[in-house]
Amino acid sequence: MKALLALLIRYKRLVRIDLADGSVQDLTDNTGDAPDGVVVENGVVYWTTMGKPIVDPNDRSEKGRDYSPKNGGVHGMKLDGSAPFDVVPSGGLTTGKQLASDGAGTLYWGDREGFKVSRVRVDGTGLEDVVVNPRDDQGLGECVGCAVDRKRGHVYWSQKGPSKGGQGRILRANLTLPKGQTPATRSDIEVLWTNLPEPIDLHVEGDRLYWTDRGAPPNGNTLNRAPIPGPGERGVRPEILASGFGEAIGLCVNEAMGLAWVSALDGKIREVPLPDMPAADRAERILVSFESAVTGLAAL
């Protein structure tokens, strides 16, 4: 691993960041409206868009941006920035959040205002929902983060709950829908963690689940990890690896290198050494700082 890919939501940019010196190369400044999740598979980069929001001119905060119109999508291009294409054209989903791959040609993502997790093959075929939650006024069922554990046959997702609300959850289900059930009625959903500050992006690495949390301190605006629970088990109390982020969002982990990277809405991407791993003696550092909020991260 030599570089990261990162999405700059305000400027519709996808950039490549060299891990050695923090230098930045633009791949495209035409991602579409509000890019959020990004992943690389077989020499192609894919990303989601949340779509164009309805903006309240009197409220410049995040609450003043309504992403409920169905105008999100999933898009792709070659790693040199050429040959852009749509996997799911804009309008094919509501709000595309974290994007994950099963490594075998299928992409998964959280659809926040759609209250669901969906998937599609990289050629655009087989678009379907995996989980569909009932709608609620507080957004408790909104799906944000998404990670795939193909080895164990699971998809994980986060439901962040209200902003700074302490009602976040992380859940999982089988990659295969139980026979005779629907995404809205499936009985194999496991709730692994509850009452989290505000969990966002997820990452499965080995026998651990990592996640970012943008909730209120001291447990929010953190990088967390915990062992993957066994069948029917609940998650144990997570280990906080780093804190003090400016609204933590994107996540990339490489245990072989002993490092994790976290992006945030304050524009910074921080490199975090993992305890008891090869780079544990290194100090945290800001890899790069942008003028725009940074959303999704992917390894390159």
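Is D36 buried or exposed? I looked this up and found D36 buried, with a relative accessible area of 3%, where buried means under 20% relative accessible area, exposed over 50%, and partly exposed in between, with a 1.4 Å probe and protein chains only.

Before going on, I note that this is a predicted model, in which local features need pLDDT of at least 70 and side-chain atom pairs count only at pLDDT 80 or more, while totals for chains, interfaces and linings use all residues. Residues are numbered from 1 along each chain as its sequence is written, and side-chain values use heavy atoms, with hydrogens and water left out.

**Charged pairs**

I next looked for the partner of D36, and its side chain meets that of K97 in a salt bridge at 2.9 Å, N to O; the term stands for a side-chain nitrogen of Lys or Arg within 4 Å of a carboxyl oxygen of Asp or Glu. This pair links distant parts of the chain, since D36 lies in strand β4 (residues 35–41) and K97 in strand β10 (residues 96–101), 61 residues apart. Strands here are DSSP runs of E with at least two residues, numbered from the N terminus. K97 is buried as well, with a relative accessible area of 8%.

By this rule I find a count of 19 salt bridges. One of them joins R13 and D26 at 2.8 Å, N to O, and it connects strand β2 (residues 13–18) with strand β3 (residues 24–28) across 13 residues. D26 counts as partly exposed, at 44% relative accessibility.

I also looked up E198 and K160, whose side chains meet in a salt bridge at 3.1 Å, N to O. E198 sits in the loop between β17 and β18 (199–205), and K160 in the loop between β15 and β16, 38 residues apart. E198 is buried at 1% relative accessible area, and K160 counts as buried at 11%. Both belong to a network of salt bridges that links K160, K164, E198, R214 and E247.

**The sheet**

Last, I followed an open sheet of four strands in the order β14-β15-β16-β17, with antiparallel pairing; two strands pair if DSSP finds at least two bridges between them. Its edge strands are β14 (146–149) and β17 (190–196), each of which pairs on one side only. Inside it, six bridges join β15 (residues 154–159) to β16 (residues 168–174), and V155 stands opposite A173 in β16.
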